[in-house]
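Dear colleague,

Please find the structure below, with the sequence alongside. My notes follow, and I would be glad if you read them with the model open.

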Amino acid sequence: MRRTKLILVLLLALGTSYYYFDLLLPEARARNAAIGMAGGYGYGGDFYPIWLTGRELLRHGRDPYTQQMTQEIQIGLFGRTMDPRRKTDPPANFRAFVYPLYTDLLAAPLTPLGFDGARLVLGLLLPFLTASSLVFWLKAFGLPVRRSTLAIISVLTLVSYPVLEGLYAQQAGLFVGAVLAATVAALARRQNLLAGMLLAVACVKPQLVWLLAIWLLLWAVSGWKRRKVFALSFLFTLATLFLASQLVLPGWFVAWWRSITAYPSYTLPPLTQLVLGRLLGDAVGLAMLALAGVICWIAHRQEPTSAEFSLAVSFVLAVTIILSPTGGAVYDQVLLIPAIFWLGAQRALILEAGLPIRVEGFATVIALSWQWFAGSGVALVSVFFPVWARRPAALVFPTRMAAPLPFVILALLSFFVVRLMREEAKTEVPLPEHS
């Protein structure tokens, strides 16, 4: 039985990889070429701005947030700068450097390498970090799995659409996902000093960390005597990164703030608005934030090894995905991994629940597995009908669940949050602390 599962997973991995690298990417490059934006780096394109600005900052003291640097980034990525006379061109500040300056400092070990060398290192490092994050999340949540099961999960994760996007672009979001997993695992092992330092390092993409950081700091304050080391190490490490950045480039924070406030002008809106529209999307976003506040309040007295704490972390990160400034950042969905693990551990409760919850659980499985089966299906059909498989409708078919997936997962998580609220209301006594 295990051998059959492994063979099926390897076939799905092969089909999904073929779909992504031999069908989807060539079509994307052809579209970029048609509008004159395929003259630069494709593989590693999201790391290129970090590599270039870090190299120029540390070698020549140049400001990464200037328009001149933005144009150099554009030349590296597209072979030319953006032209306002071209209707198909994005704004002039497209792909400007929007990371905090300490991102360049943390990436400093890679900047002496040529970009090809840096891509080679990341091409080996990022898959390893992504696979390692699975182990960290499982340990953080206290979920034992067999080695064969872990191997299957690892393969499917590495060929999932968000991870393939992140690996090809060499996205910092994969690094952040792994560091956050290590952070929560360190908390579960009561390594609070290390956890605080790791959380600060994860702030290279603040939009993925801010909500979790706020919750964890409040959690630390609620048990200050036992948790102050975590909060102080986080604040000290982050302050050190800010201070080092200020010494290297005085006034960097103002320039960075200007770059991130301009960021929404050339990116897709958050998933809430992209999928549901502005009015309904904002309402759903506020509702999810409110539920996040509820579960965080319930869990603030709990230890990191508790189910309530794990649910709070999973819910907060899932809410972060739908509220992230750009809904097109599918690679950031690696932050859904803890929610998927948490729900997987509750599958018995889901099956015992009412019909609507069982249907929701089934819908979640379909939304999650869609990418592998649909991608493999398109890859298989392309062998016999290559022209059909390269049509736009067929090429995007396996990606159709990328936007709905976070909402489906949040809906199922919400059931457990509401259930916990009802249990709290019935008992009306504090939950016992776990030692």
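This is a predicted model: local features need pLDDT of at least 70, side-chain atom pairs count only at pLDDT 80 or more; totals for chains, interfaces and linings use all residues.

Residues are numbered from 1 along each chain as its sequence is written, and side-chain values use heavy atoms, with hydrogens and water left out.

Helix 6 covers residues 147-158, where helices (H or I, at least four residues) are DSSP runs numbered from the N terminus. Its 12 residues should span 16 Å at 1.5 Å a residue, and its end C-alpha atoms are 16 Å apart, which agrees; the expected span is 1.5 Å times one less than the number of residues. The buried residues of helix 6 are I152, I153, S154, L156 and T157, buried meaning under 20% relative accessible area with a 1.4 Å probe and protein chains only. Among the elements that cover these residues are helix 1 (2-34), helix 5 (115-140) and helix 18.

Helix 2 (residues 48-60) and helix 3 (residues 67-78) pack at an angle of about 130°, with their axes 10 Å apart; axes are lines fitted to C-alpha atoms over the stretch in contact, and angles run from 0 to 180 degrees between N-to-C directions. That angle makes helix 2 oblique to helix 3, since angles under 35 degrees count as roughly parallel, over 145 as roughly antiparallel, 65 to 115 as roughly perpendicular and the rest as oblique. On the side of helix 2, Y48, P49, L52, T53 and E56 meet M69, E72, I73, G76 and L77 of helix 3, contact meaning heavy atoms within 4.5 Å.

T364, in helix 18 (residues 355-384), is buried with a relative accessible area of 10%, and, not counting residues up to four places away in sequence, T364 touches V408, I409 and L412. S233 lies in helix 11 (residues 224-248) and is likewise buried, with a relative accessible area of 7%; leaving aside neighbours within four places in sequence, S233 is in contact with N192, L193, G196 and M197. T326 belongs to the loop between helix 15 (307-323) and helix 16, and is buried with a relative accessible area of 12%. Although T326 and P264 are 62 residues apart in sequence, their C-alpha atoms are 7.2 Å apart in space.

Notes:
Helices (H or I, at least four residues) and strands (E, at least two) are DSSP runs, numbered from the N terminus. Buried means under 20% relative accessible area, exposed over 50%, partly exposed in between (1.4 Å probe, protein chains only).
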